[in-house]
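Hello,

Here is the structure we spoke about. Notes on what was found follow below it.

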Amino acid sequence: MKKENSGLVIIARQEHGISRTLMSPNALRTLYRLRDNGFVGYLVGGCVRDLLLGREPKDFDVVTNATPNEVKRIFRNCRLIGRRFRLAHLHYQDEIIEVATFRSLAADVPEPGPKEANQAGQSQRPPRTLKDDDGMILRDNVYGTPAEDALRRDFTVNALAYNIDDFSIIDYTGGLADLNAGIIRTIGDPVVRFQEDPVRMLRAVRFAAQLAFTIEEGTRTALVAAADTIVRAAPARLYEEMLKIFFSGEAAKCCELLRQTGLFAALFPQFSGWLDVESEGFPHTRFGEMLTCVDDRIQQGAKVSAPLLLALLFGEYIDEKTERFRRQGAPWQRSVDAAVAEFMGETCPIVMIMNRVGNALCSIISQQTRLNKIPGRRPEAFIARRDFDDIIEYCRITRGGNKEVARQLDWWTAQAQQQAPLPMPCKLTENGEAPQRKKRRRRRRKPTAKSRTEGL
Ligand code: ATP
Ligand code: MG
């Protein structure tokens, strides 16, 4: 191990346990190609952390000193993406490798000078780095050195790099020591780092739960103090991050930490308030049970769709709302619609659940009554529904313990097995959805003399 004055630690090939056989061949191909073209290429972030922990990385990220355009010139399979961060995506047969150019800390970079302003006094190009009044980074796209690139990352354990040139590990932030001690620690002042990007608080919780690490004391204190500011993050991003938490395989642990730190109450204020009180003398225990159930499935490698996940977690809450509308005299379907609409109205301003997912969640809940009708009208059409499996699964998980319900489920499952799959109207896309129909273009008619005069 070599330690430099700057705090940089280099761990030589023979001193760490990372073997290239554990890496994605495509990531390796990418690194070698960059090196052979005279560029620096590192593996960075989560994959180095996971390889050191003996876990299988979810994805392999590469950083380089080549600019996105230079990457594009070297790799034919490259597509440049992103407005906020310009990134190169290398498309291999079954994998996309993300290649980013070393970036620097946004705070260190001055806003564009007068030279970049046009005559009207406005900037010709949007500033490459931008923070709002509260210090949140709105844009940062400034190239930097490998050291700067490490320092702008979120946690020390996420800032380790693997250098393809000599197979060493590069550690600018003390990440290796934290990894060995099982600690999640922000790089730099946690107050500032959570101000710059509140989503980092959710990431701290997820990594702590997923890796069975503890959040370092200073980081935790800053997180608890800033928990309320999580609502400043973009709602769509919070939804993505919440899905990562719920699908992490450690959702129960994550939610416990989210509740302890005040993040959960900030993200789901109404639902969290409801969880804390009893209904008719009973505490709301289903949420916790469902988290464990989802964790079990994910750990066994099963897939859970987003609508089914939300139905399982928020179903009891939505059922109570539905009951309220029923008591007011609304029919079943309308009551469920109103309950889901109310839930979406409360949740979406902070955590943006897409309408498509909200509608699918609504139908999983409202179709539960169809399962009681055996065979009912056109059972084959019901079985052919795209969400039939989710409807069945929701019933099995929430009410499958009841003998009568179990009997009904057996009947439906047997019918579904007998029923030959209906001819597909079209090939489904990878995520099981029907591809968007191409719009047929209408040929424009040549304007006639008459339509021209009438202004048509
Ligand atoms: P996993 O993919 O297993 O969830 P990860 O650490 O790889 O974990 P990614 O979201 O893939 O997480 O991000 C890759 C790397 O980018 C991180 O390891 C971290 O270094 C950096 N990073 C991601 N999000 C942020 C952020 N909000 N702030 C600073 N750095 C970030
Ligand atoms: Mg990753």
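Strand β3 (residues 41-44) and strand β10 (residues 161-163) run antiparallel and are joined by 3 bridges. In this pairing, leucine 43 is opposite tyrosine 162 of β10. Strands (E, at least two residues) and helices (H or I, at least four) are DSSP runs, numbered from the N terminus, and two strands pair if DSSP finds at least two bridges between them.

This is a predicted model: local features need pLDDT of at least 70, side-chain atom pairs count only at pLDDT 80 or more, and totals for chains, interfaces and linings use all residues. Residues are numbered from 1 along each chain as its sequence is written, chains are lettered from A and ligands numbered from 1 in the order in which they are written, and side-chain values use heavy atoms, with hydrogens and water left out.

The sheet is open and has 9 strands, in the order β1-β2-β11-β10-β3-β4-β7-β6-β5, with mixed pairing. Its edge strands, β1 (2-3) and β5 (78-81), each pair on one side only.

Helix α1 (residues 25-36) packs on the sheet and touches β3, β4 (61-64), β6 (87-92) and β7 (95-101); contact means heavy atoms within 4.5 Å. The direction of α1 makes about 35 degrees with that of β7. Axes are lines fitted to C-alpha atoms, for helices over the stretch in contact, and angles run from 0 to 180 degrees between N-to-C directions. Helix α2 (residues 46-53) lies across β3, β4, β10 and β11 (168-171), at about 65 degrees to β3.

Regards
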